[in-house]
Amino acid sequence: MASATITAEGMPATAAATRDADHMEPRRIIAFLAMVFGMFMAILDIQIVSASLAEIQAGLSASSDEIPWVQTSYLIAEVIMIPLSGFLSRMLSTRVLFTVSAAGFTAASALAATATNIDQMIVYRAIQGFIGGGMIPSVFAAAFTIFPPSRRAIVSPMIGLVATMAPTIGPTVGGYISHALSWHWLFLINVVPGILVASAAWALIDFDKPNLGLFKKFDWWGLAGMAAFLGALEYLLEEGPAHDWLQDEAVFICTAVSLTGAMLFFWRAFTAEEPIVDLKAFANVNFAFGSLFSFVIGIGLYGLTYLYPVYLGRIRGYDSMMIGEALFVSGLAMFAMAPVSGALSRKMDPRIMMMIGFIGFAAGTWRMTQLTADWDFWELFVPQILRGASMMLCMVPINNIALGTLPPDRLKNASGLFNLTRNLGGAVGLALINTVLVNRDAFHYERLAEHVQWGSGQALDRLQSLTMNFQAHGVQEAGTAALSRLSGMVHQQAALMSFMDVFTMLTVLFGSLSLLTMLIRKPPPSASGGGGH
């Protein structure tokens, strides 16, 4: 009887079964690495352009009202494609969808580099965002489909690192490229890697088969509703803070379009035979909580990637290259923390990992509430380390909790929804942050201006001191120059105080979330990579 449990190699059958389950074909590993690199390019391309909008504006002779559309068109198109990719992946197969996405993204990148006016650039960026958006959820779905649970401690930190580090280092990379070469290379740099990724995807991906019968059941009304809902929502979140929200006609119209689209989309999601997006994944409590945490991670990821450069540019007067050099620390912290997060995910309760991550995030933003106009690299060093390390501590268990317990047939749709929540979190976070910055800046300026009046002894002493200083340096109209300087100081302090308010708000948000982690049901060991041993 004993011989029945021993393999021909003299190995116990259970050990052999475990080894077979853990075995990964090199072909699939290489295919997955190519997919991860494609996702990295697609996510990086959002932020790589943000640091160089001024150069693109000058190169295309665009107005200050037109140039934000280089970003907005990409984001609107991408946010529509991300949830749609689950259905397309089931219909066409991962191989076809990812290859077409990588090839289309590469072609649109090349076209964007050849743009001669702002209209061409906006169209090419929309194509780039829409087609490239198909790569992002495919990687998350593949990670939880082709890798056994025992390998997730390696795979989950890898995709978490790419999803968080790409937006973080984007402004740094963009600043270097546009300074060293020209803005055209922000797009040309994608061409050769894009061709390699598309070729590898076509040759190596074999995870699933297409189901072309789904095309007959394609829900065109659902797609129209989703495009209107998410596209208009992205626009109003992008443009709302700068245009006083519903006071602006375009924002008001987009709000109406988004609400109408939402009603159509949700009606079709619950009544269509094959809905364009399957919302049933939200019935899984862990997926629902994981998506909520992903939404908040989006606020932290994109919000802080926006806040630090705005502070350094507006208060410190840094250009894009200097901002990039000051902010590379977060990316290094994420990179160093990725293997640590992977190792911890094998041994630690994922809820505890998330709690530590959220507390670390809150500690970093709380440190920023003591901001002054003199803060530079070293003052920002610790908050950036906390931000980068905490991001990785949160992302790995969030990925595992959200996607690790779903059945394989739900993974493709769920992956699109999961990634959508992070992007929407970023959009909502940026809109909220911009609104708070504008409103609190005006509030603090009014309060400070009340104390800088002709009747204020301190204000008059300061004005007199500045006037004498300008006179000593031979400045004409020294009194006017002193008034202007004093007004500038009040504006700067008001701006600083509005930054502090935003960081306080983020501290409360992440501190509260650390308590919410205990509401999640503890996932089985296999979901976090602890099983299979």
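Modeller: Let us begin with the naming of elements: helices are DSSP runs of H or I with at least four residues, numbered from the N terminus. In this predicted model, helix H12 covers residues 249–271 and holds Phe252. Phe252 also belongs to a nonpolar surface patch with Leu246, Ile253 and Val257. Together these four residues have about 360 Å² of accessible area.

Biologist: Which residues lie nearest the centre of the largest pocket?

Modeller: They are Ser50, Leu53, Gln71, Tyr306 and Asn434, out of a lining of 35 residues. The space in the largest pocket comes to about 1100 Å³. Several helices give two or more residues to the lining, among them H2 (26–48), H4 (69–92) and H13 (285–314). The greatest contribution, eight residues, comes from H18. By class, the lining consists of 21 nonpolar, 10 polar and four charged residues.

Biologist: How should I read a positive phi angle?

Modeller: The general idea is that most residues other than glycine have a negative phi. Here, Ser61 has a positive phi of about 55°, and Ser93 has one of about 95°. Neither residue is a glycine.

Biologist: Where are Ser61 and Ser93 found, and is each buried or exposed?

Modeller: Ser61 sits in the loop between H3 and H4. Residues count as exposed over 50% relative accessible area and as buried under 20%. Ser61, at 66%, is therefore exposed. Ser93 is in the loop between H4 and helix H5 (94–114), and its 4% makes it buried.

Biologist: How many salt bridges does the structure hold?

Modeller: There are 12 salt bridges. The term requires a side-chain nitrogen of Lys or Arg within 4 Å of a carboxyl oxygen of Asp or Glu. One of them joins Asp376 and Arg316, at 2.9 Å from N to O. Asp376 is in the loop between H16 and H17, and Arg316 in the loop between H13 and H14, so this pair ties together parts that are 60 residues apart in sequence. Asp376 is partly exposed at 23% relative accessibility, as is Arg316 at 28%.

Biologist: Which side chain meets Arg440 in a salt bridge?

Modeller: That partner is Asp501, with an N to O distance of 2.8 Å. Because Arg440 lies in helix H18 and Asp501 in helix H20, the pair links parts 61 residues apart in sequence. Salt bridges can also form a network, as with Arg27, Arg28 and Asp206.

Key
Residues are numbered from 1 along each chain as its sequence is written. This is a predicted model: local features need pLDDT of at least 70, side-chain atom pairs count only at pLDDT 80 or more; totals for chains, interfaces and linings use all residues. Side-chain values use heavy atoms; hydrogens and water are left out. On a 1 Å grid over the protein atoms alone, a cavity is a set of points where a 1.4 Å probe fits but cannot get out, and a pocket is an open set with protein on both sides within 12 Å along at least five of seven lines; lining residues have an atom within 4 Å of a point. Grid points are joined across faces, edges and corners, and a volume is the space filled by probe spheres set on the points. Ala, Val, Leu, Ile, Met, Phe, Trp, Tyr, Cys and Pro count as nonpolar, Asp, Glu, Lys and Arg as charged, and the others, Gly among them, as polar. Patches are made of residues with over 30% relative accessible area and no salt bridge: like charges are joined within 9 Å, nonpolar side chains (Val, Leu, Ile, Met, Phe, Trp, Tyr) within 5 Å. Accessible areas come from the Shrake-Rupley method with a 1.4 Å probe; for residues, only the protein chains shown count as cover. Buried means under 20% relative accessible area, exposed over 50%, partly exposed in between (1.4 Å probe, protein chains only).
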